[in-house]
Amino acid sequence: MTKKQDNPIGNAIKPHLHPVLLQQLDEAGEASWIDVIRKMEEVYNNVLRYQVELEEKNAALEEAQQFILSILTAMSDVLIVCDRNGMVEEVNRAMLDLLGLAKEAVLGRTFLAFLADEDSKSQAQSFPLRLREQLIHDCEVSFKSADGGFVPVALNCTPRYDTRGRQAGMVLVGRPVGELRKAYHALNQAHEELKLTQQQLIHSEKMASLGRLVAGVAHELNNPISFVLGNVYALQRYRERILTYINAIHGGACAEECEELRKTLRIDRVLLDLGPLIEGTVEGAERTRDIVQDLRRFSAVDKEETKLFDLADVTRNAVHWATRDAKSALRVSLDLPPQPMPVLGTAGQMQQVVVNLVQNAADATLGLRQSTLSISGRVKAGKCLLEFHDNGPGIDASHLSRVFDPFFTTKPVGKGVGLGLSISYGIVERHGGTLSAANHPGGGAVFTLTLPLAESDQADS
Ligand SMILES: Nc1ncnc2c1ncn2[C@@H]1O[C@H](COP(=O)(O)OP(=O)(O)OP(=O)(O)O)[C@@H](O)[C@H]1O
Ligand SMILES: [Mg+2]
């Protein structure tokens, strides 16, 4: 009896057992009773453990599902998971939003049903076949959109495998490209506008340099035009005298009268003068034509072709024009090699560079008692080199790195816009050369221009 009282579980179960079973148990003896109770206890414990494990696994599964769902919902790209026949098994929120449909209306239907046009459908139909050989990247198809229109989507498609490694379907991930396209289009437009503005700026800078030259041109043209005019006035007067003389002859004047008239009208002198007068007029007209030809290079807007030119010649011409302005007090000394400095490119643009550098030197030395600019040229190691050294105050050390920046200027409004050097830099760069600024140890600024020397076969041709 004492042993029965020691077994609390046995005692607890006993009142619930059938009296016959109780009797049999009593008869089977104490040992087998304890065995049965232990077995039951073991089974009960096992059940309890399985249940706890099951609940833990359930919770982990739910958490994993929740995790996947949160990722799918957070994705801004659209996602469709299909079976082997293209039936939709899963979609994410972004896809439902794009289609404007509830999940139930999408699951179980073929994904082709949501494509907007035949072209997209025929592309998508080939996905399963193409997937056997390669992954599908950025293939563009249009989906029907919530507003009744369509949304182009760049799709990537990958196969999905089951646990046995067989293809179970495919996963489509895509990004609507409508917005991207719009943004790209706007960017492109802004870029085009910027390019146009830049072109206009370059053009207006060119016009500004042309404007600066106009004063010099006026001065230069004045000479030949005034002597052409003087000659023409003289020719007019001579014509009248000759007409008077011829009319007298045709009017039947006698020989003495004609001789008298010939002397008073100085017909012999007039005839002698006619030759030089006509030659002088032709020369003046030719000079005017040459000046206009020289200037035409400046007025053509970047239409000039690439040609072989002599940098020394271009420099002489540019200096000539840039200093023709009667107001210019700049004395330019040229030290150029006697042999040509052949360069391949556009002479007009290079002329613009030299004019800009001369103009800057003139501005920097303005007001000095003696303004000078020394230009020296050399051909060395396959390069043509030009150095512009003025006797101005030089460039402030803090400005040295900025002088080639567009719109950097230290000049007052109306005097400079700060484009001369930046445009010149671009021109020289396009010619494969370099343009640099420095201060001379002896004072003044030094601008160094190098250009590749044209190959001898280019020069020969
Ligand atoms: N020879 C020079 N000596 C001293 N400073 C110079 C010299 N050349 C250029 N600079 C400096 O570099 C700046 C930029 O020159 P840049 O030719 O680009 O523009 P700008 O002459 O001011 O105007 P723009 O040429 O457009 O009329 C000038 O404002 C000036 O401060
Ligand atoms: Mg300038």
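Predicted model: local features only at pLDDT ≥ 70, side-chain atom pairs only at ≥ 80, totals over all residues.
View 1. Residues are numbered from 1 along each chain as its sequence is written, chains are lettered from A and ligands numbered from 1 in the order in which they are written, and side-chain values use heavy atoms, with hydrogens and water left out. Arg166 pairs up with Asp162 in a salt bridge, with 3.4 Å between the closest N and O atoms; the term means a side-chain nitrogen of Lys or Arg within 4 Å of a carboxyl oxygen of Asp or Glu. Asp162, at 25% relative accessible area, is partly exposed too.

**View 2. Glu89 reaches over to Arg160.** The structure holds 10 salt bridges, and here Glu89 meets Arg160 with the closest N and O atoms 2.5 Å apart. This pair ties together distant parts of the chain: Glu89 belongs to strand 2 (residues 88-91) and Arg160 to strand 4 (residues 150-161), 71 residues apart. Helices (H or I, at least four residues) and strands (E, at least two) are DSSP runs, numbered from the N terminus. Glu89 is partly exposed at 38%, and so is Arg160 at 26%.

View 3. Arg93 and Asp97 sit 4 residues apart, about one turn, in helix 5 (residues 93-99). Their side chains meet in a salt bridge of 3.2 Å, N to O. Both ends are partly exposed, Asp97 at 46% and Arg93 at 42%.

**View 4. Ligand 1 and its shell.** Ligand 1 is surrounded by 20 residues, with Asp390, Thr409, Thr410, Lys411 and Leu421 the closest; a residue is in if one of its heavy atoms lies within 4 Å. Oxygen atoms of ligand 1 come within 2.6 Å of a side-chain N or O atom of Lys411 and 2.8 Å of one in Asn360. A polar backbone atom of Gly420 is 3.2 Å from an oxygen of the ligand. Of the 590 Å² of accessible area that ligand 1 has on its own, the protein covers 95% (Shrake-Rupley method, 1.4 Å probe). Helix 9 (178-250), helix 13 (347-364), helix 14 (420-430) and strand 12 (445-452) each give two or more residues to the shell.

**View 5. Helix 14, mostly covered.** In this helix, 8 of 11 residues are buried, among them Gly420, Leu421, Ser422 and Ile423. After the helix comes Gly432, with a positive phi near 80°.

**View 6. Thr365, tucked into a loop.** Thr365 is in the loop between helix 13 and strand 9 (372-380). Its relative accessibility is 0%, so Thr365 counts as buried. A polar atom of the Thr365 side chain is 2.7 Å from the backbone oxygen of Ala361.

View 7. Phe67 has its place in helix 4 (residues 30-74) and is exposed, at 54% relative accessible area.

Terms used: Polar contact = N/O pair within 3.5 Å; in protein donor to acceptor, adjacent residues only side chain to side chain. Buried < 20%, exposed > 50% of the residue type's maximum accessible area, 1.4 Å probe, protein only.
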